[in-house]
Amino acid sequence: MVRWKFPSVMLMLLWFSFAQSVSAQVAVLAFELQDTTLKPATAEELQRTASAQNLLIQALQDKHYPAMSIEPAQQQAADKGFGYLYDHPEASAQLALSQGADTIVVGRVHKPSFLFAYFIARLVDAKSGKVILDTAIEAKGPSDQASTQR
């Protein structure tokens, strides 16, 4: 059984994908965990998933992109259920506008197996509600191996 971590290479791939599209204040939502393994949503997986938001914000800020988090209570108030903000970019856009952001990152970690996971993120323009970028990173095997798909 391979235990994945949230390696910096994955964050850098996400950052590179977004950096080409981000030109103003970006809000980053907490990532959702979609764990369909036989032992779903363990405390360890929840903690790892929770770290994705701050790590992505830090990666963006390290490259001088203005990035901010959204308070969990505000995200919960805008959310209608699992995947709602990801599936409804117009709702994500409204949340971004209410926080003074120009774009918003909505993401999830999809873990269908103990052997691999997908880090999926969507960048939404706050004014138009249109998806600017969809990106997914697949992590397989040792945590230092990753591939990106757009």
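How many salt bridges does a search of the whole structure find? I ran the search and got four. I took a salt bridge to be a side-chain nitrogen of Lys or Arg within 4 Å of a carboxyl oxygen of Asp or Glu.

**Ground rules.** I am working with a predicted model, in which local features need pLDDT of at least 70 and side-chain atom pairs count only at pLDDT 80 or more, while totals for chains, interfaces and linings use all residues. Residues are numbered from 1 along each chain as its sequence is written, and side-chain values use heavy atoms, with hydrogens and water left out.

**Entry 1, salt bridges.** I looked up arginine 48 and found its side chain in a salt bridge with that of glutamate 44, at 3.5 Å from N to O. The two are four residues apart in helix 2, so about one helical turn separates them. Helices (H or I, at least four residues) and strands (E, at least two) are DSSP runs, numbered from the N terminus. Arginine 48 counts as buried at 13% relative accessibility, whereas glutamate 44 is partly exposed at 41%. For these words I used relative accessible area: buried is under 20%, exposed is over 50%, and partly exposed is in between (1.4 Å probe, protein chains only).

Next I noted lysine 111 and glutamate 45, whose closest N and O atoms are 2.9 Å apart in a salt bridge. Lysine 111 is in strand 4 and glutamate 45 in helix 2, so this pair ties together parts 66 residues apart in sequence. Both lysine 111 and glutamate 45 are buried.

I also found aspartate 134 and arginine 122 in a salt bridge of 2.8 Å, N to O. Aspartate 134 belongs to strand 6 and arginine 122 to strand 5, 12 residues apart. Aspartate 134 is partly exposed at 32%; arginine 122 is buried at 14%. Through shared partners, salt bridges join Glu44, Glu45, Arg48 and Lys111 into one network.

**Entry 2, strand 5.** I checked how strand 5 (residues 116-125) is placed. Seven of its 10 residues are buried, so the rest of the structure largely encloses it. Strand 4 (residues 103-111) runs antiparallel to strand 5, with eight bridges between them; two strands pair if DSSP finds at least two bridges. Isoleucine 104 stands opposite valine 124 of strand 5, and a hairpin of four residues joins the two strands. Strand 5 also pairs with strand 6 (residues 131-140), antiparallel over nine bridges. There, phenylalanine 119 has isoleucine 137 in strand 6 as its bridge partner. Five residues lie between strands 5 and 6 in their hairpin, and glycine 129 in the turn has a positive phi of about 75 degrees.

A nonpolar core is a set of buried Ala, Val, Leu, Ile, Met, Phe, Trp, Tyr and Cys residues joined through side-chain atoms within 4.5 Å. I found 18 residues in the largest one, where Ala27, Leu29, Ile70, Leu85, Leu95, Ile104 and Val106 touch the most other members. Helix 5 (89-98) is among the elements that each supply at least two residues of this core, and helix 5 gives the most, with four. Another core of 17 residues lies apart from it, including Val109, Phe119, Ala121 and Ile137.

I placed threonine 37 in the loop between strand 2 (32-35) and helix 2 (43-62). Threonine 37 is buried at 8%. Leaving aside neighbours within four places in sequence, threonine 37 is in contact (heavy atoms within 4.5 Å) with Lys111, Pro112, Ser113 and Phe114.
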